[in-house]
Amino acid sequence: MIRILFVCLGNICRSPMAEAVLRDKIIKAGAGDRIVVDSAGTGNWHMGSIPHPGTRKILSREGISFAKIRARQVIPEDFQRFDRIIAMDRSNERDLYRLAAPSERDGQKIFRFMRLLDDRPSADVPDPYYTGRFDEVFRLVDRGTDVLLRQLLR
Ligand code: 4NP
């Protein structure tokens, strides 16, 4: 079993979108019994919340389920439980390194989402909580999860 965790700040916009999109692709690829996906936030403000309306709107448009997704905060056990912990931006990555025990600070395990894209337009997946640009996030998430899924299925 391979376990993937996406991490952003609030766990209501970017990381739940990445979780829903990757899970949908995994199921369509018939790999649902081999790869597990989850998401979490470094902050605790939205614990228990369903995804942001902007994320829900995009996922609904794409026909992707988000029914079971609720926001939660990163916990210390996540660093042992997950094989890859993927930060949506540089500040999330910094926070994850701070939260991880020294032995868990491994660039193969903890890395930024945009490292998946060779022709990345920026270092970060921009935060749509502030920009309102959920479409832009979806395009990046869609491309990045394609690359990630190909790696996982190899
Ligand atoms: P996310 O966006 O990290 O992509 O879920 C945010 C959601 C909430 C907040 C910040 C970013 N907030 O400050 O509450």
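Which way does α2 pass α6, in a left-handed or a right-handed crossing? The crossing is right-handed. Handedness here means this: left-handed if the near helix is turned anticlockwise from the far one by less than a right angle, right-handed if clockwise. The contact uses Gly 54, Thr 55, Ile 58, Arg 61 and Glu 62 of α2, and Phe 134, Asp 135 and Phe 138 of α6. By class, that contact has 3 nonpolar, 2 polar and 3 charged residues. Ala, Val, Leu, Ile, Met, Phe, Trp, Tyr, Cys and Pro count as nonpolar, Asp, Glu, Lys and Arg as charged, and the others, Gly among them, as polar. Contact means heavy atoms within 4.5 Å.

Ground rules. This is a predicted model, where local features need pLDDT of at least 70, side-chain atom pairs count only at pLDDT 80 or more, and totals for chains, interfaces and linings use all residues. Residues are numbered from 1 along each chain as its sequence is written, and side-chain values use heavy atoms, with hydrogens and water left out. Helices (H or I, at least four residues) and strands (E, at least two) are DSSP runs, numbered from the N terminus.

Now the geometry. The axes of α2 and α6 come within 10 Å and cross at roughly 55 degrees. That makes α2 oblique to α6. Axes are lines fitted to C-alpha atoms, for helices over the stretch in contact, with angles from 0 to 180 degrees between N-to-C directions. Under 35 degrees counts as roughly parallel, over 145 as roughly antiparallel, 65 to 115 as roughly perpendicular, and the rest as oblique.

Next, α1, residues 14–28, against α2, residues 53–62. Their axes sit 10 Å apart, at an angle of about 20 degrees. The two helices are therefore roughly parallel. This crossing is right-handed. Met 17, Ala 20 and Val 21 of α1 meet Thr 55, Ile 58 and Leu 59 of α2. The residues of that contact divide into 5 nonpolar, 1 polar and no charged.

Stay on α2. Gly 54, Thr 55, Ile 58 and Leu 59 are buried. Buried is under 20% relative accessible area, exposed over 50%, partly exposed in between (1.4 Å probe, protein chains only). They cover an arc of only 125 degrees around the axis, so they lie on the same side of α2. The arc is taken over directions from the helix axis to the C-beta atoms. Their cover includes α1 and α6 (134–153). Look at Thr 55: its relative accessible area is 0%. Leaving out residues up to four places away in sequence, Thr 55 touches Ile 12, Cys 13, Met 17 and Phe 134.

On to α4, residues 90–99, where Asn 92, Glu 93 and Leu 96 are buried. Their arc is only 100 degrees, which puts them on the same side of α4. The face turned away carries exposed Arg 94 and Arg 98. The cover over the buried residues of α4 includes β1, α1, α3 (78–81), β3 (84–87) and β4 (110–112).

Ala 100 lies between α4 and β4. Ala 100 is buried, at 3%, and touches Phe 79, Arg 105 and Ile 110, not counting residues up to four places away in sequence.

Asn 11 sits in the loop between β1 (2–8) and α1. Most residues other than glycine have a negative phi. Phi of Asn 11 is positive, near 60 degrees. Asn 11 also counts as buried, at 2% relative accessibility.
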